[in-house]
Amino acid sequence: MDLKRKAGEKVAEYVEDGMIVGLGTGSTAYWATMKLGELVANGMKIKGVPTSKSTEELARKLGIPILEMSEVTQIDIAIDGADEATADFSLIKGGGGALLREKMIASIAKQFIVVIDPSKFVKRLGQFPLPVEIVKFGWELTSSQVSSLGCKPVLRQEDQVPFITDNENYIVDCYFDSIMDPTSMRTALNSIPGVVENGLFVDMADVIIIGRENGPAEVL
Ligand code: 5RP
């Protein structure tokens with residue numbers, strides 16, 4: 001079985017009747033949402049808070065009842081993928097461009113479960129370019145201020161036009177050699193005016209599920 005699928009489907013074991021569930025974005029979280037759709041079809045009563053428009057579309061197709069962010073103050077479980085994760089549960093997220101909503105939803109979850117394939121589990125963060133969501137206004141200046149933190153920011157493009165997030169912002173993907181201190185970097189990035197949010201998720205994940213080649217998914 002696909003290792004992303006193995007990790008994604010494992011979350012079914014954590015979801016209980018009546019829960020409000022944060023629905024993640026990306027190709028691993030996809031499998032979790034698919035599994036939840038199956039549970040709903042079999043009669044489980046859960047409600048989902050999607051982290052992106054694409055996930056909302058998928059959840060609606062699967063018949064998962066949707067709650068708007070404005071309708072919740074707490075979420076029972078948030079489930080999401082990651083671009084990198086370390087043994088101390090620090091993450092880089094935002095490869096799919098949904099980092100702001102993902103972080104908002106994870107931040108109000110009683111339990112945040114991260115689903116990854118083994119390639120995402122790394123010793124130190126920073127090989128994957130760190131996504132940083134910035135406002136369009138004066139983005140060049142914001143990007144140059146971000147670069148002063150020791151990285152090379154590149155405006156994310158799709159088909160040669162800037163990628164626009166669900167919140168109508170840009171993303172710069174920031175190339176570091178490595179990120180030695182994710183906590184300080186997270187704070188430094190968010191203190192630049194024009195930065196909306198960054199993809200460093202520190203002290204947020206409660207469980208990491210890794211899809212393993214031989215045997216069941218590993219739970220950390
Ligand atoms: C989207 C994300 C994704 O969770 C992350 O990019 C991992 O995606 P995938 O499971 O497709 O590798 O943060 O913003």
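For my shell count, Ala, Val, Leu, Ile, Met, Phe, Trp, Tyr, Cys and Pro go down as nonpolar, Asp, Glu, Lys and Arg as charged, and the others, Gly among them, as polar.

**Ligand.** I'm working on a predicted model here. I sorted the shell around the ligand by class and got four nonpolar, 10 polar and five charged residues. Then I asked which of the 19 residues around the ligand come nearest. Those turned out to be Gly26, Thr28, Gly81, Gly95 and Gly96.

**Helix 1.** I looked up residues 3-10 next and found helix 1 mostly covered, with seven of its eight residues buried. My list of the buried ones reads Lys4, Arg5, Lys6, Ala7, Gly8, Glu9 and Lys10. What do they pack against? I found helix 2 (29-41), strand 6 (109-116) and strand 14 (207-210).

I then followed Ile209 and skipped neighbours within four places in sequence: its contacts are Ala7, Lys10, Val11, Ile113, Val114, Val115, Ala217 and Val219.

**Phi check.** Most residues other than glycine have a negative phi, so I noted the exceptions I came across. Glu168 has a positive phi, near 70 degrees, and sits in the loop between strand 10 (161-162) and strand 11 (170-175). Asp203 has a positive phi too, about 55 degrees, and I placed it in the loop between strand 13 (200-201) and strand 14.

Are these two buried or exposed? I put Glu168 down as exposed because it has 8 C-beta neighbours inside 10 Å. Asp203 is exposed as well, with 10 other C-beta atoms within 10 Å.

Key
Residues are numbered from 1 along each chain as its sequence is written. This is a predicted model: local features need pLDDT of at least 70, side-chain atom pairs count only at pLDDT 80 or more; totals for chains, interfaces and linings use all residues. A residue is buried if 20 or more other C-beta atoms lie within 10 Å of its own, exposed if 12 or fewer, and partly exposed in between; C-beta atoms are placed from the backbone. Helices (H or I, at least four residues) and strands (E, at least two) are DSSP runs, numbered from the N terminus. Two residues are in contact if their C-beta atoms, placed from the backbone, lie within 7 Å. A residue is near a molecule or strand if its C-beta atom, placed from the backbone, lies within 6 Å of it.
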